[in-house]
Amino acid sequence: NVVPATNLIDAIFFPLGWNMMSGTQALTLRGREGYGTNTSFTTNGLLFTEPSSMEFWNMPDWPTNPTTIAITVACSTNYQSTGYRWLFSQQNASGYTAGARLMLGYNSAALYPYMYNAGALAQSDALLSRYYNPANTPGISQGAFMLEEQFRTIIVASDGTNVESWVDGLLAQRDVAGNLNSTNWCSRWTLGRRSDNNHQFLGTVEHVALWNKMLNSNEVQAVDFATRIWGNVTDIVVIGDSLSEYNSTVPSREWMAAAWRAAGRPASVRVHNHAYSGRQAITLVNEQTNSVPHRQPWNVWNKTHYFVMAGKNDVLNSVAQATTWAAISNLCGFGRTRGCVVHLCTDLPLGGGAAGYSTTKSNNVQQLVDWSRGASNAVPPLYDYLWDFNQMFLQAPTVHPNDTNVFYDYIHPTLAYKDAMGAMVGSNFFGGRRFIR
């Protein structure tokens, strides 16, 4: 009831477990038929290989008016330094060069909105993670990138001038310049390639919906919530500093995504990485109202799992231990009061070659680790599970924490050791399906 039904132009669903009539045809919510080329229906959605596409013709259009698209997609396209991979186009029947109201395409690593009118192409701001966002795009999402593999719900809204994009219900970008609105009718929807049969997309689409209005933030939240229900989604929220950093060229390689892979890539599980380089626990506490509440559990069975790993940046900036510990405890308490299953992770050792290193700071990191284990009189935070990554690194068969094969800058783990961290969680927790139920 939040989004008026009269504004919904049409929707296409390929949800978990559904079987369509063939690999070449699909029906929309309003009974229109799409025609596919080399597409196939799987239990996770509509699979696009190369070359493949799904076309819907004679769709309604509304020249000069606003538009919003919502699409849930898992991208398996490889990262490439140049070239496009086209996901969706709302365009003229003759192709995008005759007019396109809204298109989504991967350029290099990130997903971009595009518009086309009168021979001019407008590329809007990329859906980047917060670490990379410029000052004029204050997004707080984890962004949308090639080779992400996990399903993301992308919502892009345009009023013909402004463009706003969300990833899994969180703002990714707001662009107020350079937009175009097609003056020609755009009654053709193309999934999986550009209309000139180039720039093929590789991945799976679960649903697509289009509205003839620019959805506001409340309406975006409602649509995103609905996708969580029909996708039977279990959410994982990661809060921390750059130890959990998001890598745009290999976005499936941060440690929690490695846990997801180790569990067999469950389509109903989505990792939301809100780690941010340089963030201190005392800063993260003030940011939780932006990133956690909309990921609260939506029923008693589908739990939201909330991972906290922070403290090292506080130590490196000489924040008092008691202050840091209180912030870590508050982070855990925030997740608990939102109904999440809380996972506290011990911080990793500090290498002697780290910027700002001192023996005192190294000992302070270890003290926070000891407090997390309950080895003192410090009041333990409200967590359900403790992941002792610190102990895992100290037990590794090399000299730590000064081995750059393990900590490439004496602070951050290498990709191989992020994989090891993920495998530890994936095999011991995902394996028992406790993430799922």
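Helix 6 (residues 321-337) has 17 residues and spans 24 Å from first to last C-alpha, close to the 24 Å expected at 1.5 Å a residue; the expected span is 1.5 Å times one less than the number of residues. The model is predicted: local features need pLDDT of at least 70, side-chain atom pairs count only at pLDDT 80 or more, and totals for chains, interfaces and linings use all residues. Residues are numbered from 1 along each chain as its sequence is written, and side-chain values use heavy atoms, leaving out hydrogens and water. Helices (H or I, at least four residues) and strands (E, at least two) are DSSP runs, numbered from the N terminus.

**Helix 6**
- Buried residues (under 20% relative accessible area, 1.4 Å probe, protein chains only) in helix 6 include Trp325, Ile328 and Phe334.
- Gly339, with a positive phi near 80 degrees, follows helix 6.
- Arg338 lies over the face of Phe334, 3.8 Å from the ring centre; such a charge has NZ of Lys or CZ of Arg within 6 Å of the ring centre and within 35 degrees of the ring normal.

**Strand 5**
- Strand 4 (residues 40-42) and strand 5 (residues 45-48) run antiparallel, joined by 3 bridges; strands pair if DSSP finds at least two bridges between them.
- These two strands form a hairpin with 2 residues between them.
- Strand 5 also pairs with strand 16 (residues 203-211), antiparallel over 3 bridges.

**Aromatic rings**
- The structure holds 12 aromatic pairs, meaning Phe, Tyr or Trp (six-membered) rings with centres within 6.5 Å; planes under 30 degrees apart are stacked, over 60 edge-to-face, the rest tilted.
- Phe13 and Trp230 have ring centres 5.0 Å apart and planes at 85 degrees, so the pair is edge-to-face.

Note on methods
Buried < 20%, exposed > 50% of the residue type's maximum accessible area, 1.4 Å probe, protein only.
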